[in-house]
Amino acid sequence: MRLLGVDYGFARIGIAVTDSVIGLPTTRLPAKSLGSLKKDAAQIAARVKSEAAEAVVLGLPIEEEGEGRMARICRTLAGHLSEDHCVPVYLVDESLTSVAAEDMLFSTGMKASQRKKLRDGEAAAQILERYLNETRSS
């Protein structure tokens with residue numbers, strides 16, 4: 001199954017896609033957040049279609065205290081995707097995926113400005129990998 005990974009943010013939306021054969025995540029350029037969850041959901045649904053994906057794996061930011069404001073926002077976005085656009089959505093704890101993405105990009109010797117452009121897509125790829133690992137082990 002081809003999946004679209006999403007690392008949602010207020011400025012940028014990180015995107016990655018799995019290869020349908022072996023499930024290897026590949027990053028895409030981030031989308032610009034449009035300032036409305038409904039508009040962002042429509043934009044993500046369009047990417048699902050253009051990438052021929054069957055579902056979205058959306059990162060859910062879980063804090064030490066549990067689900068905070070950003071988690072509620074991501075759940076609302078997931079609702080818009082599934083209810084308004086009929087896109088299946090799987091929520092995955094995205095804890096430390098941005099940190100792991102930054103560490104991986106830093107290890108390549110990239111400049112900070114280059115890392116900033118790629119970090120969101122790498123975080124989305126980390127989210128996809130986490131989902132794939134969870135589904136393989138269950």
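This is a short chat about a predicted model of one protein chain.

Reader: What's the secondary structure of the protein chain?
Author: The protein chain has four helices and seven strands. Along the sequence they run β-β-β-α-β-β-β-α-β-α-α.

Reader: And how much of the chain is buried?
Author: Of the 138 residues, 43% are buried. The accessible surface is about 7500 Å², with 54% of that area on carbon and sulfur atoms.

Reader: What share of the contacts join residues at least 24 apart?
Author: That's 63%, counting contacts between residues at least 6 apart in sequence.

Reader: Switching to H2. Why does its end-to-end distance agree with what a helix should span?
Author: H2 covers residues 69-85, so its 17 residues should span 24 Å at 1.5 Å a residue. The C-alpha atoms at its ends are 23 Å apart, which agrees.

Reader: Which residues of H2 are buried?
Author: Met-70, Ala-71, Ile-73, Cys-74, Leu-77, Ala-78, Gly-79, His-80 and Leu-81.

Reader: What do those buried residues pack against?
Author: Helix H1 (37-50), plus strands S1 (3-8), S4 (55-60), S6 (66-67) and S7 (89-93).

Reader: What does the backbone do just after H2?
Author: Cys-86 sits there, with a positive phi of about 55°.

Reader: New topic, Ser-36. Where is it?
Author: Ser-36 lies in the loop between strand S3 (25-32) and H1.

Reader: Why does Ser-36 count as partly exposed?
Author: Because its relative accessibility is 24%, and partly exposed runs between the 20% limit for buried and the 50% limit for exposed.

Reader: How far is Ser-36 from Phe-10?
Author: They're 26 residues apart in sequence, and 9.2 Å apart in space from C-alpha to C-alpha.

Notes. Residues numbered from 1 in each chain as written. Predicted model: local features only at pLDDT ≥ 70, side-chain atom pairs only at ≥ 80, totals over all residues. Heavy atoms only, no water. Helix = DSSP H or I, 4+ residues; strand = E, 2+ residues; numbered from the N terminus. Buried < 20%, exposed > 50% of the residue type's maximum accessible area, 1.4 Å probe, protein only. Contact = heavy atoms within 4.5 Å. Areas by Shrake-Rupley, 256 points an atom, 1.4 Å probe, with all protein chains shown as cover. Expected span 1.5 Å × (residues − 1).
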